[in-house]
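Please look at the sequence and the structure before reading on.

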Protein chains: 2
Amino acid sequence: MTRKTFDPTGGRAAEKLPRPTLRTVAQEAGFAVTTVSRALAGDPRIAEATRERVSEVAGRLGYVPNRAAQRLRTGRTKVISLLLNTRHEFLSFTSEFLGGMSEGLAGTGYAITITADGLADDRLEVIRNIRRHSLADAIVFTRTECFDDRVRYLLEHDFPFATHGRTDFTTPHPYVDFDNEVFARMAVERLVAKGRRHICMVMPNERYTFGQHLRFGARQAAMAHGVQLTVPDGVDLDSEPDEIAATLRSLHAGPNAPDGYVCVGEVMALVTLAYLNDIGLTPGVEVDVVAKRASPISNHFRPRIETIDEDLRATGRAMAKVLLARISGAPMEDMQILLKPEGAFSISD
Amino acid sequence: MTRKTFDPTGGRAAEKLPRPTLRTVAQEAGFAVTTVSRALAGDPRIAEATRERVSEVAGRLGYVPNRAAQRLRTGRTKVISLLLNTRHEFLSFTSEFLGGMSEGLAGTGYAITITADGLADDRLEVIRNIRRHSLADAIVFTRTECFDDRVRYLLEHDFPFATHGRTDFTTPHPYVDFDNEVFARMAVERLVAKGRRHICMVMPNERYTFGQHLRFGARQAAMAHGVQLTVPDGVDLDSEPDEIAATLRSLHAGPNAPDGYVCVGEVMALVTLAYLNDIGLTPGVEVDVVAKRASPISNHFRPRIETIDEDLRATGRAMAKVLLARISGAPMEDMQILLKPEGAFSISD
DNA sequence: TTTTTGTGTTGTAACGTTTTAAAAGCCTTG
DNA sequence: CAAGGCTTTTAAAACGTTACAACACAAAAA
């Protein structure tokens, strides 16, 4: 409550102190509004001396551009809309990915707005709404499906977007993906190296592209080494932990039971470990488990399991890069990023 | 790609089809722009017949108000800014809380924008930025401290906000909190009921208000039952799982070691379980563990532990309610919500 | 000398709302 | 029948920015 700062109202801290506008700055600096606008925007038509004078005055007056006015005039929102699935997303994904995007967008003036989809009956409705109301310059979403209706819609309407995960559309579009095929191959091979002969994939449904990649990679490795592969239905991104556990229990628990598990996610890993514990099998002894690790917490699962990293924070950062590229109209090859699991050939940041 | 709709460009799907504005609607309906604006806003000065005609025309033309223009004119952004800590927030918190807020804000026209703090050197800078640029109508943040500088700043500048957690400021402000004092008491009592005599609280630092509440409740219960209480330093919200584990290991592991653990968070629970496993103690046998449960995944921790629920989704919904109340200038008592743990007296939603 | 070419700068017109102040209508009432 | 009091509608003025077209004024070219 100090009164060090200039306060013409003399009253409560800057309650209605009118913020300086371009006109204020223009008058003070002795230039036209247009000139000031251009000077601050870095327009090359403005003389260097003018630019300096203008930014000095703007700084002194504490000028801050009015985002709403800019938005109205230019039609650009400086907002990126992230469609997030908050249900059944229990562990690190949301916060890591979000954190990464934030990092990647820092300093660009872009804000992230969240829409938790899954609430609207029709998930396309959320996107239509964003487009119709011009709520964002670009859209991102996760859990991308092979022929995702959201992708189709956005492609048709030429609205900027990027997906977490590739699709099977022939039209190329921006994405960031993790090489799940390589991941699956690596995971299966590790289990094979431990002498396991029947691998169970605890992983999401194949309607997601990454589900297919996982399946493909796992099948490839299994065939190469002549081991049996089981990919149970009934495990999905939407599954409650209890459903996953039920699915695992429903697997033939006889002599032909799996002796190796690949868990594609922290929830799945925890549930699998609980299941194995409940039926009296110990990872590292009768069975082995390899899991995707998306945060340091996986190190504290017990019994210890092997992990292969997916850096979700890096994924978020890459996503920011891709989106900015898309908005500024970069060529498609700059907007398709495939991240490799650790230990595999990885691309530079 | 059908051409059913009017498309003067005759080109690609609605590429630059100018959206109808108030003027368009006004001309079509035969009223003044003002009238149309009022009719759609539900202004009582407009005759019922007029309102009907206007909304019919607006609907037919597919009129959608321009948010940027509204924003510029009214100064209200229809945005709520959520300051989120994405580092060291490994488990359910972010997605559950976010999901709850989304649910609570659904249909109100409010959007949530995320700022991942902890990036800026000065966390106040993030808030100043929001205020200066008018990026939001209200601010929410978590990890509230007893004399939080963010709260002080926002109170001083009379900017709408709500905190997750109470503070020790004399000036009342909007908040949503969970009754951690009751939680701690319940948790300790459960351990006492199992015959445990030395309780260790695995919980965040006391610089957070909720850390103090926890400490207070635990101490109360411990004294009432004459059991020993240990609250190790070195466990905090920012702690990496490994640090928490190190802290647990550094506790006197002799005859006076704790035989009961209260874990205030899923990360802390997992780390504690890993630690106990590593030193060969089994919950339910030599020791007992009670944890806060914020998502169904806690059911799959092994060995099984007792849990007490904190409904973060409900917290998020309550937060939305509080914020809307604050923005529309409701009395303070509507903006202070204390959620009780399950089993305790709980307030209605 | 006059014409061209730039380089900086400027007034004015939007962008699409809401709000203010005023004007019509249309009753009622003296 | 004019005066006043409603109810309903309206024109015009913002809100603060960027974009368009024009305008000075120098230097370079004719």
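How do the residues of the surface near DNA strand C divide into nonpolar, polar and charged? In this predicted model, twelve of them are nonpolar, nine are polar and four are charged.

**The DNA strands**

There are 25 residues around DNA strand C, and those that come nearest are A:Ala32, B:Leu22, B:Ser37, B:Asn66 and B:Ala69. Two or more residues of this surface come from each of α2 (33–41) and α4 (67–74) of chain A, and likewise from α1 (22–29), α2 (33–41) and α4 (67–74) of chain B.

DNA strand D is also surrounded by 25 residues, of which A:Thr21, A:Leu22, A:Ser37, A:Ala69 and B:Ala32 are the closest. Here at least two residues each are supplied by α1 (22–29), α2 and α4 of chain A and by α2 and α4 of chain B.

| Surface near | Element that gives the most | Residues from that element |
|---|---|---|
| DNA strand C | α4(B) | five residues |
| DNA strand D | α4(A) | five residues |

**The two chains**

Between the chains, 53 residues of chain A are in contact with 53 residues of chain B. On the side of chain A that touches chain B, two or more residues come from each of α4, α5 (93–105), β2 (111–116), α10 (241–250) and α11 (266–278). The most come from α5(A), which gives seven residues. By class, this side of chain A has 26 nonpolar, 14 polar and 13 charged residues.

β2(A) and strand β2 (residues 111–116) of chain B run antiparallel and are joined by three bridges. A:Ile112 has B:Ile114 in β2(B) as its bridge partner.

Definitions and conventions: Residues are numbered from 1 along each chain as its sequence is written. Chains are lettered from A and ligands numbered from 1 in the order in which they are written. This is a predicted model: local features need pLDDT of at least 70, side-chain atom pairs count only at pLDDT 80 or more; totals for chains, interfaces and linings use all residues. A residue is near a molecule or strand if its C-beta atom, placed from the backbone, lies within 6 Å of it. Helices (H or I, at least four residues) and strands (E, at least two) are DSSP runs, numbered from the N terminus. Ala, Val, Leu, Ile, Met, Phe, Trp, Tyr, Cys and Pro count as nonpolar, Asp, Glu, Lys and Arg as charged, and the others, Gly among them, as polar. Two residues are in contact if their C-beta atoms, placed from the backbone, lie within 7 Å. Two strands pair if DSSP finds at least two bridges between them.
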